[in-house]
Amino acid sequence: MPTRLSEIIRKHQQTLLSEWIAELKNALGRKLIKDAELEQQCSAFLKALEQGASHGEAASLDNAAWSEMKELLNNVSRSRGLAGYSPSETAMFVFSFKRPLFSRLRKDLSAAEAADEQWNATLVLDQLGLLTTETYQRTREELITRQQQDMLELSTPVVKLWDGVLALPMIGTLDSARTQVVMETLLQRIVETGSAVAILDITGVPTVDTLVAQHLLKTIAAARLMGADCIISGIRPQIAQTIVHLGVDLGTVTTKASLADAFALALQRTGQTVIRVGQARKMKEKDGEAKDRKERE
Amino acid sequence: MERIPILRMGKYLLVTIQVDMHDRLAMQLQEDLTTRIAKEQSRGVLIDISALDIVDSFIGRMLADIAGMSRVLDAQTVVVGMQPAVAITLVELGLSLHGVRTALDVERGMKLLEESIGEATRAGADEGDGPGDER
């Protein structure tokens, strides 16, 4: 039996639309998208619903007639997920349509017919609501995965401080997965730049437990195998206390309190030095004088 | 039979591993190298493994063993040019090759050998025992 849903929607499209939008605005409370956009989404929804109801079996959304509706809801739900709506607010987009629709059904149809149609409409709208939530969830999950990926990449930069000196400012907790990434990028950069010293700066690592220390030592051992020395810097006083209390043995590793100290040591190890411009000029002058004297002699 | 060539450069021996190491080859290298160190009275061994991209625990142990044997024969060992993947594998296997010196490339490895042998000689001369080297 074809439902009369589509017929009713077609007949009362304008009133349904305005009632629904009023209902939606009331239910949402806060406003994160423009009125015009909302109206446009609502009227597109009505059109798609009418089309779906006139062709498809109400109980199943697999029918091709519902494809337009599915696409529309996917878009709506995705845009709301990105705009920062909560899942219930997103699902409310569909569910808030029930009240205007049902009151319209009760007005236009006899009691028995209205009950039937209400049941049909509920079936459809519930499924559509679920679909919205599902898409919303998927959108959020994609977002989270992307952010995780970004964080993993962003949090392990290997920077070249000087000729032959690399620095690795670590930010965030060191777990096994991140240690793996850190180790690989560090070793790769050591090969590329031919650096003999690498500074691991752990200023941004919130806690150092035995596991994190073990990961650090592993990275250092791997770098040493390739022929590069590692210096750990940025050890905060609390972390120094924790390391000693835990009995972690950092005996073979050079540690410095600040990155500046570590950098100075790295320069010293690679046989380089940084001096003030004035000092350099004085030294040059002295050299020149000595040369002059020699020439005169 | 396949062998890994051992080249003499002054008082150093140079070993470049350019083929896939299998266990027999590794044993043969150990044998050859110790014989050569004793015969040539070498003071340093430089092993270049930059072409080696697969290692197992056996090869890892062999590197450590060679270093140990050389030390007994009074020669320093430097391993140079280890690939990142190899370094990670060795660390994951729990072989961090303590007692083996490492360098990024042959040039730096040579410098390291010279420095360490210079130090050893100087220390020996200061104590006044043993014949002084020409260095």
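The following paragraphs go through the two chains of a predicted model and the place where they meet.

Residues are numbered from 1 along each chain as its sequence is written, and chains are lettered from A, with ligands numbered from 1, in the order in which they are written. Because the model is predicted, local features need pLDDT of at least 70 and side-chain atom pairs count only at pLDDT 80 or more, while totals for chains, interfaces and linings use all residues. Here pLDDT is the predictor's confidence in each residue, from 0 to 100. Chain A averages a pLDDT of 84, and 96% of the residues score at least 70. Within chain A, helix α1 (residues 5-11) has the lowest confidence, at a mean of 80, and strand β4 (residues 229-233) has the highest, at 93. Helices (H or I, at least four residues) and strands (E, at least two) are DSSP runs, numbered from the N terminus.

Chain A contains an open sheet of 5 strands in the order β1-β2-β3-β4-β5, with mixed pairing; two strands pair if DSSP finds at least two bridges between them. Its edge strands, each pairing on one side only, are β1 (159-162) and β5 (254-255) of chain A. Strands β2 (residues 165-171) and β3 (residues 197-204) of chain A are parallel and share 6 bridges, and Val165(A) stands opposite Val197(A) in β3(A). Helix α8(A) lies across β1, β2 and β3 of chain A and runs at about 165° to β2(A). Axes are lines fitted to C-alpha atoms, for helices over the stretch in contact, and angles run from 0 to 180 degrees between N-to-C directions.

Chain B also has an open sheet of 5 strands, with the order β1-β2-β3-β4-β5 and mixed pairing. The edge strands are β1 (6-9) and β5 of chain B, each of which pairs on one side only. From one strand to the next, the twist averages 25°. β1(B) runs antiparallel to strand β2 (residues 12-16) of chain B, joined by 4 bridges; in β2(B), Val15(B) is the bridge partner of Ile6(B). Helix α2 (residues 57-72) of chain B packs on the sheet, where it touches β3 (44-48) and β4 (76-80) of chain B, and its direction makes about 155° with that of β4(B).

Between the chains, 13 residues of chain B are in contact with 15 residues of chain A, contact meaning that C-beta atoms, placed from the backbone, lie within 7 Å. On the side of chain B that touches chain A, α3 (84-92) and β5 (101-103) of chain B each supply at least two residues, and α3(B) gives the most, with 5 residues. The residues of that side of chain B divide into 10 nonpolar, 2 polar and 1 charged. Ala, Val, Leu, Ile, Met, Phe, Trp, Tyr, Cys and Pro count as nonpolar, Asp, Glu, Lys and Arg as charged, and the others, Gly among them, as polar.

Two helices of chain A pack against α3(B). The axes of α8(A) (residues 176-193) and α3(B) come within 9 Å and cross at roughly 140°, which makes α8(A) oblique to α3(B). Angles under 35 degrees count as roughly parallel, over 145 as roughly antiparallel, 65 to 115 as roughly perpendicular and the rest as oblique. Met183(A), Glu184(A), Leu187(A), Gln188(A) and Val191(A) in α8(A) meet Pro84(B), Ala87(B) and Ile88(B) in α3(B). Helix α9 (residues 210-226) of chain A packs on α3(B) at about 130°, with the axes 9 Å apart, so α9(A) is oblique to α3(B).

Notes
Two residues are in contact if their C-beta atoms, placed from the backbone, lie within 7 Å.
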